Amino acid sequence: MQFTRTLPKQLVHRSAVAEIFLTDAERHGEDEIRLAARFPRRHPFYDDTLGPRAQHDPYLLLEACRQGIFVVAHRYLGVPLGHKFLLRAVEFEAPDQTALTRRDRPTEAVIAARIEQRFHTRTGPRGLRLAFTLTIGAREALLARIDYSWMPPAEWTSLRAGQRDALGLPAVPVALRGPRVAPALVGRRAPANTVLSAPRAADDGTHTARVLAETTHPTLYDHWVDHVPGMLELEAFRQLALRASLAAGTVRTSSVLPVALAARFRRFAEMDLPLECRTAPVRPGADIECTLRQPGGLAAEARIRLADADTVRPARALSAPTAHKAA
């Protein structure tokens, strides 16, 4: 597989070449696809940390897998370019933190993608469950699974108009503004890389904050979408879970790694309605439960596990949030 040039922008649904991490794709049988990825030595978003960190951010590796869902659909299943995609569920685990160690040159990885399940409607295939194994050298650095679906543009437009009409919102959203958390409180250096208002701690141990969508962010809004993107929602979970964990004393530094995550997306999160991120009380040794809510109901929920970057832990399964699958 080649690592010298990126895949076409339209194939991975990214606008900036610097945000494309996949460089090649090959089919190996009916349900097996192999992807090549190349990660930069430093990324302005994923590697923006308050303290030193010698490992790649697992969210960076997850983003490469997310780009792979489009490659599989467009190149190998014939889904037309221009179709719209929905994330339904995302989970990952970093089974060997030493495999995440950065080098003095860009990191090359191979991603084995396997179709675990096809989702059908009366009109034909409309989604997949893909399992990913990302290896760096001979080590497994990330195990991931993504459920997603797609639809024609006209159907998407109708779906989005229906939800926004039901909420009394205009056709074109304008993201809500507000003061952001001080970046050091969520482990960041750059204020632009924070996605929350100042978190509030309650007597019961819960933490809450508003999610703030910045549509000019070069990574989280690489291109325009009319809602809060899934990767921004996952970043909100990470930042609030970090703040809550530091307050509870279950992690030592702000340079922790998200080593496991299981999330489900229940509905579109609207950028022009208040969106509240909440963590349950943090318990030593337990995964952190998080939710995103706004008028209209639950938008997403997750369990996330953080680990100090200098602590190598054995793999441990993380179960997905228990509830019905998003429509």
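Helix α4, residues 230-248, supplies the largest share of the lining of the largest cavity, namely 4 residues. This is a predicted model, so please hear every value today as computed from it. The cavity in question has a volume of about 110 Å³. Its lining counts 15 residues, and the closest to the centre are R53, V186, R238, S254 and V256. By class, the lining of this largest cavity splits into 6 charged, 5 nonpolar and 4 polar residues.

How many cavities of 30 Å³ or more does the structure hold? There are 3.

R210 takes me to the strands.

Strand β8 has another antiparallel partner, β10, residues 276-279, with 4 bridges between them. T208 comes up again in this pairing, standing opposite R278 of β10.

Next, two loop residues. H43 sits in the loop between β2, residues 32-39, and α2, residues 58-77. Is the H43 side chain buried or exposed? H43 is buried, because its relative accessible area is 4%. What does the side chain of H43 reach? One answer is the backbone nitrogen of Y46, at 3.3 Å. Another is the backbone nitrogen of F45, which lies 3.0 Å from a polar atom of that side chain. Beyond neighbours within four places in sequence, H43 is in contact with E19, F21, D48 and T219.

N193 belongs to the loop between α3, residues 153-166, and β7. N193 is buried too, with a relative accessible area of 6%. Its side chain makes a polar contact of 2.8 Å with the side chain of H217. Setting aside residues up to four places away in sequence, N193 touches P44, F45, D48, R188, H217 and Q239. Note that D48 is in contact with H43 and is touched by N193 as well. F45 also comes up for both: its backbone nitrogen lies 3.0 Å from the H43 side chain, and N193 touches it.

Last, a strand residue. A131 is found in β5, residues 124-136. A131 is buried, at 6% relative accessible area. Which residues is A131 in contact with, apart from neighbours within four places in sequence? They are A112, A113, R114, E116, A144 and R145. With E116, the separation is 15 residues in sequence and 6.6 Å in space, C-alpha to C-alpha.

Note on methods: Residues numbered from 1 in each chain as written. Predicted model: local features only at pLDDT ≥ 70, side-chain atom pairs only at ≥ 80, totals over all residues. Heavy atoms only, no water. Pairing = 2+ DSSP bridges. Buried < 20%, exposed > 50% of the residue type's maximum accessible area, 1.4 Å probe, protein only. Polar contact = N/O pair within 3.5 Å; in protein donor to acceptor, adjacent residues only side chain to side chain. Contact = heavy atoms within 4.5 Å. 1 Å grid on protein atoms, 1.4 Å probe; cavity = no way out; pocket = protein on both sides within 12 Å on 5 of 7 lines; lining within 4 Å. Points joined across faces, edges and corners; volume = space filled by probe spheres on them. Nonpolar A, V, L, I, M, F, W, Y, C, P; charged D, E, K, R; others polar.
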